[in-house]
Amino acid sequence: MTRADAQRSVRLMNSAVAPLYRRWRVRIFVVTWIAYAGFYFTRQAFSVAKVGILDDPAVNLTLTKAMLGNLDALYLAAYAVGQFMWGTLADRFGPRVVVLGGLAMSAVAAALLGVVTALVLFAPLMIVQGLAQSTGWSSLCKNVAQFFAVRERGRVLGLWSTNYAFGALAAGPFVGWVAYGIFGTWRAAFFAGAAVVVVVFALVAMLQRNRPADVGLPPVDEFVGEPTAGAVDARPHAPRSVREAFLAAARDRMVLTLGVAYFLLKPARYAILLWGPVIVVEHIPEAGPLEAVVIPVAFGAAGLAAPILVGLVSDKLFSARRVPPAVLSLLGLVAVLVLFEPLTASGNVVLMVVLLALIGLTVYAADAMISCVCAVDFGTSEHAGASAGFVNGCGSVGAILGGLLPGYLGTGSLFYGFAGAAFVAAVLLAPRWNSRPAAA
């Protein structure tokens, strides 16, 4: 067959499958977006419950502020272990089984946390919740990348990455409203989160598929006419061990650099995600429990727009270079973190909202670019899940500090430390300014 005949064959094939391919791309985008956003309803339940726990004389002598920080650290340690593990398992067995298992575990653990009172039971349930939550990110990033080519992933994954900003934005107020606005007890936050995740589980079970081949479609690189070097696990390949997949990602210098940068970045996001309501109460003592839950919504609202903007900037302004927008976002985050404590000392609500929004804009922009778009683009074709899992596992180790340190340090010391870490991350990434994935 001549080159012209081959090109004609590809055009005929694409014209026949294009409508079906577009429908499946939309379907996979939507269901995976909902899946990861759904995880946040059980993830945020503990953050919302903290305000009520600290005011509840039945438990606050045991579940002190420091102990809540220890539980967060335990949860995040399990989350970090899971990140390193689940991505490689998603490469080997497919995202579907990993994500559905995680959603089921998360709902059960959350429901039980709403029942138990003993610290000895809280600890193992937080470990289970951490392992369950870690099934989502690398598995679902891999799932989306199966249906979208490298040259469009900046925009697509940037838009898709709004899922965790939306989850953080919507989950806290929702479970807080159920807990304090309807039932008047912190325990209801866990039940509300579990109920949402059960619905999400059903949607994923009905609508999700692992890759185009599962529905009779060609690999995405063939569909868009892109070199196969950029494809993510487009064709079946021989099963590889978890250890082999992990080492293939860990030995890549760019993936390793991304992992270290994400380790330095993630504590800032998780400190606000897990301790936002408590930080608000400490700076605005007159704020009630529901108000303390609602004010950090500014952080999530700005974070909702950040991945979209940074993805567009990466594709259009920087021609698929992912590092420049990440570095610029990190430097912006440094500036806001340094200014946070002196500017919020007055207890002004409006200023608190503005600063939380600016932190959300910068931290979520850098986060989405490093943990999703870069991790997938620079991952190997067979180990995209492992690469995303490695980068996010490194970030999750850093997130342990974001959950633990607010239980022991004041916000000023905390945010100055996070600013220094973000600056180091920017310095590490800056020499990679012009790096691109092989197929870009």
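Trainee: Are Asp72 and Lys50 buried or exposed?

Mentor: Both Asp72 and Lys50 are buried. Here buried means under 20% relative accessible area, exposed means over 50%, and partly exposed lies in between, with a 1.4 Å probe and protein chains only. Please keep in mind that this is a predicted model, in which local features need pLDDT of at least 70 and side-chain atom pairs count only at pLDDT 80 or more, while totals for chains, interfaces and linings use all residues. Residues are numbered from 1 along each chain as its sequence is written, and side-chain values use heavy atoms, with hydrogens and water left out.

The side chains of Asp72 and Lys50 form a salt bridge, with an N to O distance of 2.3 Å. This pair joins distant parts of the chain, since Asp72 belongs to helix α2 and Lys50 to helix α1, 22 residues apart. A salt bridge is a side-chain nitrogen of Lys or Arg within 4 Å of a carboxyl oxygen of Asp or Glu. Helices are DSSP runs of H or I with at least four residues, strands are runs of E with at least two, and both are numbered from the N terminus. In general, side chains of opposite charge can pair when their charged atoms come close.

Lys50 lies in helix α1, which covers residues 3–55. Lys50 counts as buried because its relative accessible area is 0%. Leaving aside residues up to four places away in sequence, Lys50 touches Leu68, Asp72, Leu274 and Trp275; a contact means heavy atoms within 4.5 Å.

Helix α2, residues 65–93, also holds Asn70. With a relative accessible area of 27%, Asn70 is partly exposed. Beyond residues up to four places away in sequence, Asn70 touches Leu404 and Tyr408. The C-alpha atoms of Asn70 and Gly407 are 7.8 Å apart, although 337 residues separate them along the chain.

The whole structure has three salt bridges. One of them joins Arg269 and Asp367, whose closest N and O atoms are 2.8 Å apart. Arg269 is in helix α11 (residues 253–283) and Asp367 in helix α15 (residues 349–377), so this pair also links distant parts of the chain, 98 residues apart. Both Arg269 and Asp367 are buried. Arg211 pairs with Asp214, with 3.5 Å between the closest N and O atoms. Asp214 is partly exposed, because its relative accessibility is 41%.

Cysteines may be considered next. A disulfide is here a pair of cysteine sulfur atoms within 2.5 Å, and the count by this rule is zero. Cys141 is buried at 0% relative accessible area, and Cys394 counts as buried at 14%.

Finally, consider the chain as a whole. The chain has 17 helices and zero strands. Of its 440 residues, 58% count as buried. Among the contacts with a separation of 6 or more, 84% are between residues 24 or more positions apart. Asp72 and Lys50, then, are a buried pair in a chain with 17 helices.
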